[in-house]
Amino acid sequence: MTASSALDTSSPTASSASLDPFRASRWRRGRAAVSRQKIVEAASDRILRRMGLAVGLAGMIVAVVELPDIADQAKFVSGAWASLVVGVALGWFPVLAVVSIAMGAGVIRMVAGAAAVSYLAALATMPFLYAAPLTDTASVWMYRVLALGVLAAVLAWRPALAVAYLLVAAAAAALANRFVVPDATAWSLIDDFARAAGLCALFLWCCIYALAAAARVDRESVIASRRAAAVAGAAARDRERARFAALIHDAVLSTLLDASRAGAESPVLRRQAERTLEQLDECRGASTEPDRLDAQSAIGFLRSAVHEVNPGIRFTARRWAGLDDLRLPVHAAGTIAAALAEAARNSLRHATVASRTVQRTVTVTISAGGIRVVFRDDGAGFDLDAVPADRLGVSVSILGRMRQLAGGAGFVESQLGEGTTVTLVWGGDG
């Protein structure tokens with residue numbers, strides 16, 4: 001097996017990597033059920049996760065900051081009821097912070113929705129808990145933390161529902177102040193509503209814009225991948241046309257020209273004509289469909305997909321001399337590229353080791369009409385059996401994609417402290 005220098009891409013300090021065989025005795029094969037939930041694209045998942053963590057931590061910080069006022073206002077109601085209301089209003093936010101680190105997007109949205117609903121329910125109890133107006137206070141404590149409920153609603157629901165939640169929650173907070181704060185008037189009610197809605201609307205707009213921007217990044221990434229596949233397919237068609245045109249010029253026209261000049265039967269001309277017919281038959285039998293990539297186009301396509309995620313990932317291509325007659329369908333190339341890109345993103349997200357630089361490599365091997373892609377890092381690794389079923393990065397975006405591809409298969413091998421290896425294989429249309 002020879003490595004093509006024209007196709008290999010590596011960093012200046014990277015050493016040449018040999019193709020490691022499967023090490024079944026050392027690694028355990030990843031197992032993950034294919035979920036039918038919608039695949040969350042990388043940018044959306046990343047933004048949602050970061051925002052969920054920020055909102056969860058904000059809820060915990062607010063609980064600490066507001067604790068003196070909460071305790072002071074709790075003197076006017078039964079202690080058990082006050083503790084219950086605080087737990088209902090703010091108890092979901094620590095949970096949101098935890099699931100934003102360890103769980104999938106679906107769980108994050110579910111917990112954020114529970115936090116938003118619980119906060120609104122606790123806010124609705126304020127007029128009933130405080131039978132008499134509070135003294136020495138400008139507002140009930142839940143009025144000041146209204147933004148937490150609104151932010152949770154943005155993470156959980158569509159923008160229209162989040163806006164509706166903002167209006168309802170701002171009105172409920174203003175009414176709570178109307179019943180709890182002494183000497184409240186109709187004008188103070190309007191002022192409280194305007195202040196709450198105006199401030200929270202700013203947070204609402206920022207979050208909606210960030211989530212929309214992430215969704216646009218995902219859509220543009222899909223469009224770019226499709227365009228790259230179309231360009232690669234067009235390049236394959238152009239090469240086939242050029243090859244056929246060269247054959248017509250060099251063999252067919254030459255044979256016809258010699259035949260017109262010979263004027264008599266010639267053994268040399270007969271052999272030339274026979275060889276030309278053989279070449280035409282070979283061209284017809286070996287011609288590729290317009291939507292298939294040869295070895296060189298497939299390697300370039302996969303390299304582009306990896307380097308769009310991170311240009312620093314080392315990319316190496318190897319081809320078996322004489323057995324690299326790959327004819328990879330464009331749709332299969334797109335599936336493999338998407339799974340490979342997701343493996344690279346997962347590594348960049350989760351495989352970081354604080355004490356050293358994690359090395360990441362991609363090795364593409366083409367032989368006997370098939371392709372084998374291996375992504376490997378020497379990072380933190382993970383326990384495959386501990387991966388939750390709702391984590392779509394492995395089960396759907398990598399293994400699920402390859403299982404749904406005719407002739408394709410995917411494997412994930414990992415161990416804590418020893419890195420991760422993702423293997424993608426395609427060997428024909430099944």
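1. A residue is called buried when its relative accessible area is under 20%, exposed when over 50%, and partly exposed in between (1.4 Å probe, protein chains only). By this rule Glu-342 is buried, at 6% relative accessibility.

2. The model is predicted: local features need pLDDT of at least 70, side-chain atom pairs count only at pLDDT 80 or more, and totals for chains, interfaces and linings use all residues. Residues are numbered from 1 along each chain as its sequence is written, and side-chain values use heavy atoms, with hydrogens and water left out.

3. The average pLDDT (the predictor's confidence in each residue, from 0 to 100) is 75 for the protein, and 68% of the residues score at least 70. Over residues 1-41 pLDDT stays under 50, although the model has 87 contacts (heavy atoms within 4.5 Å) beyond four places in sequence for them. Where pLDDT is low, the predicted coordinates should not be read in detail.

4. There are four salt bridges, each a side-chain nitrogen of Lys or Arg within 4 Å of a carboxyl oxygen of Asp or Glu. One of them joins Glu-66 to Arg-144, with the closest N and O atoms 2.8 Å apart. Glu-66 lies in the loop between α1 (42-65) and α2 (67-73) and Arg-144 in helix α7 (residues 141-144), so the pair ties together parts 78 residues apart in sequence. Helices here are DSSP runs (H or I, at least four residues), numbered from the N terminus. Glu-66 is buried at 13%, whereas Arg-144 is partly exposed at 35%.

5. Asp-191 and Arg-195 form another salt bridge (2.8 Å, N to O). Both lie in helix α10 (residues 186-262), four residues apart. Arg-195 is exposed, with a relative accessible area of 56%.

Conventions
Helix = DSSP H or I, 4+ residues; strand = E, 2+ residues; numbered from the N terminus.
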